[in-house]
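Me: Please take a close look at one helix and what surrounds it. Then set that part against the rest of the model.

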Amino acid sequence: MKSTNLISGLKKSGLLVAFVVFLGAVSLTSDAFLSVGNILDVLRQVSITGMIAIGTTFVVITGRLDLSVGSMLTLLTVLLVDQHNQVGPLLAIVLTLAAAIALGAFNGLLVGYLKLNALIVTLAMLSFLQGLTLLYSGGSNVNIPNAQTTWFRFFGRSDMFGIPVPVLLFLGVGAIAAFVLTRTVFGRQVYAVGGNETASNFSGVSSARTVFWAYILSALATGFAAIILGSRVMGAQNTIGQGYELTVLAGIILGGTSMLGGSGSVWRTVLGIAMLGFIQNGLLLMGFPYYVQWLVTWVVIIIAVWIDLAGKRGRVLA
Amino acid sequence: MTMNTGAQSRHTNGAVTWLFRNHIWLFLGLAIAIFSLASPYFLTVNNISNVLTQGAFIGILAVGMTLVMIDGEIDLSVGAILALSTALAIGLQEQIGVWPAVLAGLLSGAALGFFNGVITAFSGMHSFIVTLGALIGIRGLVFIYTGEDALMVQDFSYTEYAEIYLGPVSVTALTFFVLALFFQWVLTSTRHGRETFAIGDNIEAAHDAGINIKRHKIINFSICGTMAAVAGILLSMRLGTAEPNAGKIWELWTIIAVVLGGTRLTGGFGSMWKTIGGVMTLAVLRNGLRLLNTPNYVELMVMGAVLILALLLDRVLSSQTEAR
């Protein structure tokens, strides 16, 4: 009994402890690491992945996957930047978010209502949206010529109260998402569907509808991320979002949200994404080339998830 | 629904059922027919030889992926393993000679596959997580080894191995077909194959029946890693260079090919024949669309649409079989 308590206690805080140890270790080798400026820098760097991950967390908790967010980010950013030049920032943002909702609804329709395999559907969308991006842009890069004067620069390039706006957006949306997930009926339905789909259907929670809305949230968050990214870069290449889906998933997994659904939280995702950011930043400050972080990420994911799982079940079949 | 028809039509009925169950061949036949009509260059020996070679790289990855998927698992790391074996096979040639380098490449794939299998089997983590980590980490290993630059083979006679042809069939394509047929035999005629199906179909029942689940999963992941290395070696022979970004997102094309063929992600159902069909359909689509000079985005969009279509078709058909 005692050891179970110890393990479950470690499970809850183990990740945090490991994270703090890591932060301490890196700060010994670099004075700059734990400075306010650097911390804000890291948070700004992870704000785009983090924003997406907050939305995708809903999908993962329902027991599904969304691999299309990277391609979706590309498409939405290209759309946003191009429309910014044509119809102005405000309309472009409205258009981008509307497109995001439509794409999410399409994913949700196929996975939620038609009950197709989420991995394959979103994989197909990954490919399809890449094509759609090229069709839209004609293969050329887009950029915003009046980057210094447009108010659109607010989202990615300015500060408020000394904090970068992307960080405020990231944490703000995170707080709202956490509220929705823990304090609303919809949030409880998301957990219910991921925990036991059959039981939730029998108790009157439509799993199809819940999954449908989870995908819309995932896409909407990707739309917000596109606003930050477009404003930060003031342009978009046709590959700008490539690979984001992997980082997003890595962050969610690292946070300890189960891929089987039914458990997880927004703050865990934020923590996981922030950990990835600090690992990357710390290794760079220590003088390692950027690709060493990938190797470290691999090791950290396996150790973190294994510890997490060992705490959750006593006996593991297969 | 069609079971009530008279005995005289049972024969044609069987053929139709077979085609429905193996609908990938319908797709493939349709694709070949369309492209033959649309382009005079499609049905030439030269082009078909090209299609076979181009498809074979994804094909060899797909052979391993099929085994892992029948087990109810997935391997996202095959593209990264391919890149590492390519880099080792080319990079080590100067120090240890051509064939030892090739062997080192193969062993790296086997070892990483084994590692994925061990972690998956013993931790209880889903293989999606384990191999997603591996996909990111192994790519890091590749970059650490190559230092971001493409490695170039010193002795270009190495690239001549890729030019060996048996009639119109390149050594790469031949390797794919031989491996696919061999592992089809393994699947249907060995204990390991049968138990792989049993595990994917119902893991608890397999466990209760005394099947060593961990062992079979580890074997299949090891095979999958080795297949990725084989594809990597063949790629290194064909290109003569090792790019650190080689094989990027090939794991996705591989999954697409296998699922298109009709092997189920949920495990317990599939075959190498289906995978050959899926791989060839994908290769024909890519080749045909390029012959027709369609822009790149058409290929990407068609691929996505075909995949969802295949999934819908599979859904309709499997609900029919369940109803019986």
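Reply: Helix H3 (45–70), helix H8 (171–189), helix H10 (203–208) and helix H11 (213–239) of chain B are among the elements that cover the buried residues of H9(B). Cover is judged by contact (heavy atoms within 4.5 Å), and helices (H or I, at least four residues) and strands (E, at least two) are DSSP runs, numbered from the N terminus. This is a predicted model, in which local features need pLDDT of at least 70 and side-chain atom pairs count only at pLDDT 80 or more, while totals for chains, interfaces and linings use all residues. Residues are numbered from 1 along each chain as its sequence is written, chains are lettered from A and ligands numbered from 1 in the order in which they are written, and side-chain values use heavy atoms, with hydrogens and water left out.

Helix H9 of chain B runs over residues 191–201, and its buried residues are B:His192, B:Gly193, B:Glu195, B:Thr196, B:Ile199 and B:Gly200. Buried means under 20% relative accessible area, exposed over 50%, partly exposed in between (1.4 Å probe, protein chains only).

One of the covering helices, H8 of chain B, holds B:Thr172. B:Thr172 has 1% relative accessibility, so it counts as buried. Beyond its neighbours within four places in sequence, B:Thr172 touches B:Thr53, B:Ala56, B:Phe57, B:Ile60 and B:Leu234.

Chain B also meets chain A. Between them they bury about 4200 Å² (accessible area, 1.4 Å probe, lost on being put together and summed over both), and 84% of that area lies on carbon and sulfur atoms. The contact involves 41 residues from chain A and 50 residues from chain B. There are 0 salt bridges between the two chains (a side-chain nitrogen of Lys or Arg within 4 Å of a carboxyl oxygen of Asp or Glu).

On the side of chain A that touches chain B, helix H5 (118–137), helix H11 (244–255) and helix H13 (292–312) of chain A each supply at least two residues. H5(A) gives the most, with 13 residues.

Chain A has 13 helices and 4 strands. Its C-alpha trace spans about 65 × 55 × 35 Å along its principal axes. Of its 318 residues, 56% count as buried. Among contacts in chain A between residues at least 6 apart in sequence, 78% join residues at least 24 apart.

Notes
Buried area is the accessible area (1.4 Å probe) that two parts lose on being put together, summed over both.
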